Amino acid sequence: MPAPHAPPPEVARDRPARAELVWALVAAALVLAPNLAALSEWSYDWDAAQLALGTRDFDLAGHRPHPPGYPLWVGAVRVCDAAVGNVPRTQLLLGSATTGLALAAFARLLRPRR
């Protein structure tokens, strides 16, 4: 009886990468699903409302947004809002995306070295 053929080494190396991709997609779906269900035209709390006001008129003295101002976040929301067109939705989607990226980075750190 002939010996079973082993997959080429490059295929065997790609299997863990594919499994990681599947788990990353599952994790992203678990993060994104509740946030998509919560999409609203309105800000969901005081902080989100202050950050939304800061995207229109950045004024720390007027608490738009509240100090320390989070200029990188406000700038990212302004840029992404050009595509979305609704600041509260943009904040929720951007928050979901950054959470997914952080989750992927954390998973990468936990991966054993080869």
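This is a predicted model: local features need pLDDT of at least 70, side-chain atom pairs count only at pLDDT 80 or more; totals for chains, interfaces and linings use all residues.
Residues are numbered from 1 along each chain as its sequence is written. Local features need pLDDT of at least 70 and side-chain atom pairs count only at pLDDT 80 or more, while totals for chains, interfaces and linings use all residues, and side-chain values use heavy atoms, with hydrogens and water left out.

Let's start with helix α2, residues 46-56; helices here are DSSP runs (H or I, at least four residues), numbered from the N terminus. Its buried residues are A48, Q50, L51, A52, G54 and T55, where buried means under 20% relative accessible area, exposed over 50%, and partly exposed in between (1.4 Å probe, protein chains only). Their cover includes α3 (71-84) and α4 (87-110).

Within α2 sits L51. Leaving aside neighbours within four places in sequence, L51 is in contact (heavy atoms within 4.5 Å) with P65, Y70, W73, V74 and Q91. The C-alpha atoms of L51 and V77 are separated by 9.1 Å, and the two residues are 26 apart along the chain.

Over in helix α4 we find S96. Not counting residues up to four places away in sequence, S96 touches V31, L32 and N35.

For a contrast, take L30 in helix α1, residues 9-37. Together with V22, W23 and V26, L30 makes a nonpolar surface patch of about 450 Å².

| Residue | Relative accessibility | Class |
|---|---|---|
| L51 | 14% | buried |
| S96 | 5% | buried |
| L30 | 63% | exposed |

Accessible areas come from the Shrake-Rupley method with a 1.4 Å probe; for residues, only the protein chains shown count as cover. Patches join residues with over 30% relative accessible area and no salt bridge, like charges within 9 Å and nonpolar side chains (Val, Leu, Ile, Met, Phe, Trp, Tyr) within 5 Å; a salt bridge is a side-chain nitrogen of Lys or Arg within 4 Å of a carboxyl oxygen of Asp or Glu.

Definitions and conventions
Helices (H or I, at least four residues) and strands (E, at least two) are DSSP runs, numbered from the N terminus.
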